[in-house]
Amino acid sequence: AVAALMLLVLAGCSSVENLPLAGFGLAPNFFGGMAADEPHAVIVARDVFSAGGSAADAAVALYFTLAVTYPSKAGLGAGGAGLIYRPDEDEGDVTETLDFLPVAPPDEVAPDATAPSAVPSAVRGMYALQSRYGRLRWARLLAPAEAFARFGHPVSRAFAHDLSLVADRVLEDREARRVFAPGGTLLEEGQQLIQLDLGSMIAQLRIKGPGEMYNGAMGRQLVAAFRAAGGTLNAAALRDYAPSWRETASIPFGHQTMHTTTTPITGGIAAAAILSLLEDGDRYLDAAPEARPPSHGRSGDA
């Protein structure tokens, strides 16, 4: 599936010196912050936030920029989940989760399919988030990612490392090699990466919305690319996919209430339950030393 998606959306490579980023302006009395694993995407999200966009707007801009600058971790074929909190003095605070995890491949697959392929879900997930909580226009949030793809950006240390881990597979694939290994050598940190087809794809999503990927010409191309690579994605599964809004799992924690995502993402629930047990009546702090896990780094500890 990953190979098929790369074949569809990645092509072309040249070198440019400057990147024209879309300006967002500066909102008065701004205070906020964003965090991610790639600096260019964080700067874009910060600018959206500082221009008066909501946290949802910033998250959408962050994701699409990461799909260009750090596709090994957040490509257009990705999925995930979100935990959303909105304070409201009049109607009461709102805390909920958005589930846009990739959906399992369909039961009925083509006879020649060899690679199970989940339905790409992040694009519709981001649209659902921005539709409910966004302030800025959808098209405006995707413009920086499109610019990065069309005009290029310096490869980050993190992405260069990820490329090195799959060097053999990248060099074996003609389209991937043309983008990520021009001249037969993998791109390294600081070198310029241009992805013209990916820029065109983001431009279609910017202009036409996510429906183009799930029920349009882009969706048909995506299904064909998956099938050509032996994937199991079909048009019906792609068209019918929709993210889900759900209530959070809430756990008392001292004088506060801890919220986390619900199933099928159980890690947050487990962590919240452990923290709640540790806090309950100071049982951990009051326990005898031999009843606690040993400290790391001391001689003789297991």
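**View 1. Helix α3, a mostly covered helix.** Helix α3 is mostly covered, with 13 of its 15 residues buried, where buried means under 20% relative accessible area, exposed over 50% and partly exposed in between, computed with a 1.4 Å probe on protein chains only. The model is predicted, so that local features need pLDDT of at least 70 and side-chain atom pairs count only at pLDDT 80 or more, whereas totals for chains, interfaces and linings use all residues. Residues are numbered from 1 along each chain as its sequence is written, and side-chain values use heavy atoms, with hydrogens and water left out. Helices (H or I, at least four residues) and strands (E, at least two) are DSSP runs numbered from the N terminus. The end C-alpha atoms of α3 (residues 55-69) are 20 Å apart, which agrees with the 21 Å that its 15 residues should span at 1.5 Å a residue; the expected span is 1.5 Å times one less than the number of residues.

**View 2. Tyr 63 and its surroundings.** Tyr 63 lies in helix α3 and is buried, with a relative accessible area of 9%. Not counting residues up to four places away in sequence, Tyr 63 touches Ala 74, Gly 75, Leu 76, Ala 122, Val 123 and Met 126, a contact being heavy atoms within 4.5 Å.

**View 3. The largest nonpolar core.** The largest nonpolar core has 64 residues, and those with the most contacts inside it are Tyr 63, Phe 64, Leu 76, Val 123, Leu 142, Phe 180 and Leu 205. The largest share of this core, 10 residues, comes from α3. Such a core is a set of buried Ala, Val, Leu, Ile, Met, Phe, Trp, Tyr and Cys residues joined through side-chain atoms within 4.5 Å. In soluble globular proteins, nonpolar side chains tend to be buried together. Leaving aside its neighbours within four places in sequence, Leu 142 is in contact with Val 60, Phe 64, Ile 202, Leu 205 and Arg 206.

**View 4. Helix α2 and the helices it packs against.** Helix α2 (residues 39-50) has 12 residues and reaches 16 Å from its first C-alpha to its last, close to the 16 Å expected at 1.5 Å a residue. Its buried residues are Ala 41, Val 42, Val 44, Ala 45, Val 48, Phe 49 and Ser 50, and the buried residues of α2 pack against α3 and α6 (138-151). After α2 comes Gly 52, with a positive phi near 100 degrees.

**View 5. The open sheet of three strands.** An open sheet of 3 strands has the order β1-β2-β5, with antiparallel pairing, two strands being paired if DSSP finds at least two bridges between them. Strands β1 and β5 are at the edges, each pairing on one side only, and the twist averages 30 degrees from one strand to the next. Helix α5 (residues 122-133) packs on the sheet, touching β1, β2 and β5, and its direction makes about 160 degrees with that of β2; axes are lines fitted to C-alpha atoms, for helices over the stretch in contact, and angles run from 0 to 180 degrees between N-to-C directions.

**View 6. Strand β2 and its partners.** Strand β2 (residues 94-100) is mostly covered, with 5 of its 7 residues buried. Strand β1 (residues 80-86) runs antiparallel to β2 and is joined to it by 7 bridges, and the bridge partner of Tyr 85 in β2 is Thr 95. Strand β5 (residues 244-247) is also antiparallel to β2, with 4 bridges between them, and here Glu 96 has Glu 247 of β5 as its bridge partner.

**View 7. The hairpin of β6 and β7.** Strand β6 (residues 249-253) and strand β7 (residues 256-260) run antiparallel and are joined by 5 bridges, with Ala 249 standing opposite Thr 260 in β7. The hairpin has 2 residues between its strands, and Gly 254 takes a positive phi near 65 degrees.

**View 8. Thr 232, a buried loop residue.** Thr 232 is found in the loop between α12 (217-228) and α13 (235-240), and it is buried, with a relative accessible area of 6%. A polar atom of the Thr 232 side chain lies 2.8 Å from the backbone nitrogen of Ser 117.

Note on methods:
A polar contact is a pair of N or O atoms within 3.5 Å; within protein, one must be able to donate a hydrogen and the other to accept it, and residues adjacent in sequence count only if both atoms are side-chain atoms.
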